[in-house]
Number of protein chains: 2
Amino acid sequence: MRDTFHDELDSIGRSLYEMDGLVSDAMRKASAALLEADLTLAEQVISDDGKIDAVRDDLESFAFDLLARQQPVAGDLRIIVTSLRMVADLERMGDLALHVAKVARMRYPACAVPSEVRGTIRQMGGIAHRISTKTGDVIAGKNVALAEEIESDDDSMDVLHRRLFAILLSDDWAHGIEPAIDITLIGRYYERFADHAVSVARRVIYLVTGEMPQPAALSSGITETALGI
Amino acid sequence: MRDTFHDELDSIGRSLYEMDGLVSDAMRKASAALLEADLTLAEQVISDDGKIDAVRDDLESFAFDLLARQQPVAGDLRIIVTSLRMVADLERMGDLALHVAKVARMRYPACAVPSEVRGTIRQMGGIAHRISTKTGDVIAGKNVALAEEIESDDDSMDVLHRRLFAILLSDDWAHGIEPAIDITLIGRYYERFADHAVSVARRVIYLVTGEMPQPAALSSGITETALGI
């Protein structure tokens, strides 16, 4: 009976890994759609969001069922409750990829990203994809060292986010208000995406070590530093 | 034994109500700090955020302990798991109030809100406070009718959010990029705050009726409509 139960716990891990893969793929495509003004790709991300939600629904139902059937305690209970929280983070990451894709679609056939911020947005997209791929590896391998690497990726994201504001606020910005609003929101989506990836990684650390790391880097109160430049 | 358990379940409800009260109060003060450029009030919201996090920590530990000790099934299990999700929504609402307060502090002694958007922001702040007060009433009374009212408040918030973008994008906007960025972010904070309130209300409906309402109004993919005007 316990063996079946632990197989079931493992299958939660596999579903989390699968969900992370879908999210990571969605953000990779959303970034490409945004930078290349690729409507087909944007539409694909938008229609595929339902798949992420379906995995979430299955995972939540399964975890709930497991709680009710197996009455887990201690470590096993912690795994299930923590997994439910990771599901919520991953779902939100999927939503943020969706938002990026929607900006791409809204501005099509124009590109929402003016040339001055193109390099920075491309780097943010790159980090978002990398960080979510690592999140998957952390889930699969429960690799604490890699989880710490994700924190440093998040720091890089914050640096890029600040750079974005610096460009928007420079005298050279010639694109007016609407693109500035787009870029402000896009920057926020990427920054929040990375925050949630950090959150997932922290939860894996918690499962492995039994201690939740301090949320210093998890603060999303970036406005101060981002705008106070 | 079951009586003690149900007392404990009730105490989770009371803590959620308490947490909601702190969040609602934080948003009311943050809005006032923002509109009146009141640094003392902004600082108070910022320093009080720790209290919200403390209630969350206590609530999570208690719920977890209850899961482990009482091994609840069916409805009781659902109450605890759903409560943990409400805690996450309420914590995020507290963070969003904190973000509003931080914008107020960052721009002090100036006011971050130009006169053209003052009325709209004031209304958004009013709805945010009202919606979170109602959320508390819904938690306390498990009042499904009031939960539905919250959905309609959220619709009003979305209308105001769109109006905000219309003002930013009008030819009359004379304040340039920096205030436009501030207002874009502030608008997003209020809109997300209302989304999370709707989410809490939906969870109460779920507890009362056993069915989760369709998330039509919960979508935060407002960018399209907000910017596609």
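A residue is called buried if 20 or more other C-beta atoms lie within 10 Å of its own, exposed if 12 or fewer do, and partly exposed in between, with the C-beta atoms placed from the backbone. Keep that definition at hand during this tour.

The structure is a predicted model, in which local features need pLDDT of at least 70 and side-chain atom pairs count only at pLDDT 80 or more, while totals for chains, interfaces and linings use all residues. Residues are numbered from 1 along each chain as its sequence is written, and chains are lettered from A and ligands numbered from 1 in the order in which they are written.

**Stop one: two loop residues of chain B**

Select Ala37(B), which lies in the loop between α1 and α2 of chain B; helices here are DSSP runs of H or I with at least four residues, strands are runs of E with at least two, and both are numbered from the N terminus. Ala37(B) counts as partly exposed because it has 17 C-beta neighbours inside 10 Å. Although Ala37(B) is not a glycine, its phi is positive, at about 50°.

Next, select Gln71(B), in the loop between α2 and α3 of chain B. Gln71(B) is not a glycine either, yet it has a positive phi of about 45°, and with 16 C-beta neighbours inside 10 Å it counts as partly exposed. Most residues other than glycine have a negative phi, and most peptide bonds are trans.

**Stop two: the cis peptide bonds**

Move to Pro109(A), in the loop between α3 (74-107) and α4 (115-141) of chain A. The peptide bond that leads from Tyr108(A) to Pro109(A) is cis, with omega near 5°. In chain B, select Pro109(B), which is found in the loop between α3 and α4 (115-141); the bond from Tyr108(B) to Pro109(B) is cis, with omega near 5°.

Now select Ala30(B), which belongs to helix α1 (residues 2-36) of chain B. Is Ala30(B) buried or exposed? With 31 C-beta neighbours inside 10 Å, Ala30(B) counts as buried. Leaving aside neighbours within four places in sequence, Ala30(B) is in contact (C-beta atoms, placed from the backbone, within 7 Å) with Val45(B), Ala97(B), Val100(B), Ala101(B) and Ala104(B).

**Stop four: helix pairs within chain B**

Two packed helices are described by the angle between their axes and the distance between the axes. Each axis is a line fitted to C-alpha atoms, for helices over the stretch in contact, and angles run from 0 to 180 degrees between N-to-C directions.

Select α3(B) and α6(B), which pack at an angle of about 165° with their axes 9 Å apart. That angle makes α3(B) roughly antiparallel to α6(B); angles under 35 degrees count as roughly parallel, over 145 as roughly antiparallel, 65 to 115 as roughly perpendicular and the rest as oblique. The residues of this contact divide into 15 nonpolar, four polar and seven charged, where Ala, Val, Leu, Ile, Met, Phe, Trp, Tyr, Cys and Pro count as nonpolar, Asp, Glu, Lys and Arg as charged, and the others, Gly among them, as polar.

Then select α4(B) and α5(B), whose axes are 10 Å apart and which pack at an angle of about 165°, so they are roughly antiparallel to each other. Twelve nonpolar, four polar and eight charged residues make up the contact of α4(B) with α5(B).

**Stop five: where the chains meet**

Finally, show both chains together: 33 residues of chain B are in contact with 33 residues of chain A. On the side of chain B that touches chain A, at least two residues each come from α2 (39-70), α3 (74-107), α5 (144-169), α6 (177-209) and α7 (223-227) of chain B. Which helix gives the most to this side of chain B? It is α3(B), with ten residues. The residues of this side divide into 20 nonpolar, seven polar and six charged.

To see one helix pair across the two chains, select helix α5 (residues 144-169) of chain A and α6(B), whose axes come within 9 Å and cross at roughly 140°, which makes α5(A) oblique to α6(B). The contact is made by Phe165(A), Leu168(A) and Leu169(A) of α5(A) and by Ile177(B), Glu178(B) and Ile181(B) of α6(B), and these residues divide into five nonpolar, no polar and one charged.

Methods:
Two residues are in contact if their C-beta atoms, placed from the backbone, lie within 7 Å.
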